[in-house]
Amino acid sequence: MQIQGEGEHTIVLLPGLGTTSPIYDFAPLADELAKNNRVITYEPFGYGYSDITDKSRTIENECEELKQALDASGVEGPYIFMAHSVYGLDSIYFANKYPEYVEAVVGIDCTMPTMLSYFGEEVPADMPMAMDLMRITGLTRLLQMMDENQFVSDNSSNLYSEENLQEQRIISARIEANKNVIEQYNDLDNKIKATFDLKYTDSMPILFFTTNDADKEQRDDGKTSKSLYETYITNPDIQSVITYDASHYMHWTKAKEMSDDVNDFVKEVFNDRNK
């Protein structure tokens with residue numbers, strides 16, 4: 001993990017599934033957030049500089065490992081969990097199991113337990129464990145030679161330095177599609193079942209970032225990404241949804257805007273509580 005910045009609140013950045021290096025991928029967002037907050041960027045087993053583990057990638061194990069990492073960080077909680085994609089499931093599980101650790105939740109187009117059922121979709125097919133051979137045999141490095149922008153953050157908004165992207169390439173050659181990420185992907189159905197009935201309390205401050213679905217065909221039932229997240233809001237005074245014209249990896253292009261919105265959210269919620 002990486003710790004940077006100072007502030008009254010500590011934000012814990014949790015990555016999307018298979019992100020090569022959360023520290024480098026989140027760098028523009030973390031740097032912006034760290035101007036007003038302490039920021040911890042968490043790299044689970046199989047990600048970034050972390051080791052690859054033989055321990056199964058259940059949500060119970062992942063959350064226990066996250067708790068241990070936070071305890072060892074020397075940074076006292078409670079924390080604001082800011083989870084991207086599949087780590088939205090870990091975030092809601094963690095907040096229910098260890099509520100004393102979580103003072104607020106921010107989702108970056110994060111996976112929610114009811115997401116697939118809400119949209120009438122199926123759990124993706126398993127990823128073959130043989131995918132790990134890409135890394136072991138050096139195929140990942142070969143693919144990088146053919147296209148250096150594979151396995152790295154999109155830099156179309158020029159938020160990433162070349163040094164950052166080069167570190168991502170080096171790390172991806174070592175860990176891309178490793179067994180921990182594959183297991184994590186293949187355990188998605190179990191994670192959904194473990195969290196399906198979980199909710200956030202109405203006293204939990206929540207901010208969801210999601211896409212405005214501008215690139216998607218309008219559904220006949222009127223359901224949108226925003227309407228999904230709104231089903232998890234029970235107290236609009238401290239819980240809300242913000243949409244961006246952006247991709248699923250919105251922190252690649254909207255780091256400054258997201259940081260500003262998070263800072264406004266924190267000020268509004270916690271200043272009101274302290275009045």
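Colleague: Which residues form one aromatic cluster here?

Modeller: This is a predicted model, where local features need pLDDT of at least 70 and side-chain atom pairs count only at pLDDT 80 or more, while totals for chains, interfaces and linings use all residues. Residues are numbered from 1 along each chain as its sequence is written, and side-chain values use heavy atoms, with hydrogens and water left out. The aromatic cluster is made of Tyr 79, Phe 81, Phe 94, Tyr 98 and Tyr 101.

Colleague: Good start! How many aromatic pairs does the count come to?

Modeller: Rings of Phe, Tyr and Trp (its six-membered ring) pair if their centres lie within 6.5 Å; planes under 30 degrees apart are stacked, over 60 edge-to-face, and the rest tilted. Counted by this rule, the aromatic pairs number 10.

Colleague: What is the angle between the planes of Phe 81 and Phe 94?

Modeller: The centres of Phe 81 and Phe 94 lie 4.9 Å apart. Their pair is tilted, with the planes at 45°.

Colleague: Which elements hold Phe 81 and Phe 94?

Modeller: Helices (H or I, at least four residues) and strands (E, at least two) are DSSP runs, numbered from the N terminus. Phe 81 and Phe 94 are 13 residues apart, and their pair links distant parts of the chain. Phe 81 belongs to strand E4 (residues 79-84), and Phe 94 to helix H4 (residues 87-97).

Colleague: Why does Phe 94 count as buried?

Modeller: Buried means under 20% relative accessible area, exposed over 50%, and partly exposed in between (1.4 Å probe, protein chains only). Phe 81 is buried at 0%. Phe 94 counts as buried too, because its relative accessibility is 0%.

Colleague: And is the pair of Phe 94 and Tyr 98 stacked, tilted or edge-to-face?

Modeller: Phe 94 and Tyr 98 are both buried. Their ring centres are 4.8 Å apart and their planes meet at 55°, so the pair is tilted.

Colleague: Which ring has Lys 223 over its face?

Modeller: A charge sits over a ring if NZ of Lys or CZ of Arg is within 6 Å of the ring centre and within 35 degrees of the ring normal. Lys 199 lies over the face of Tyr 232, at 4.7 Å from the ring centre. For Lys 223, at 4.4 Å from the ring centre, the ring is that of Tyr 118.

Colleague: Lastly, what share of the protein chain's residues count as buried?

Modeller: The protein chain has 12 helices and 7 strands, and its C-alpha trace spans about 60 × 45 × 35 Å along the principal axes. Among its 275 residues, the buried share is 52%.
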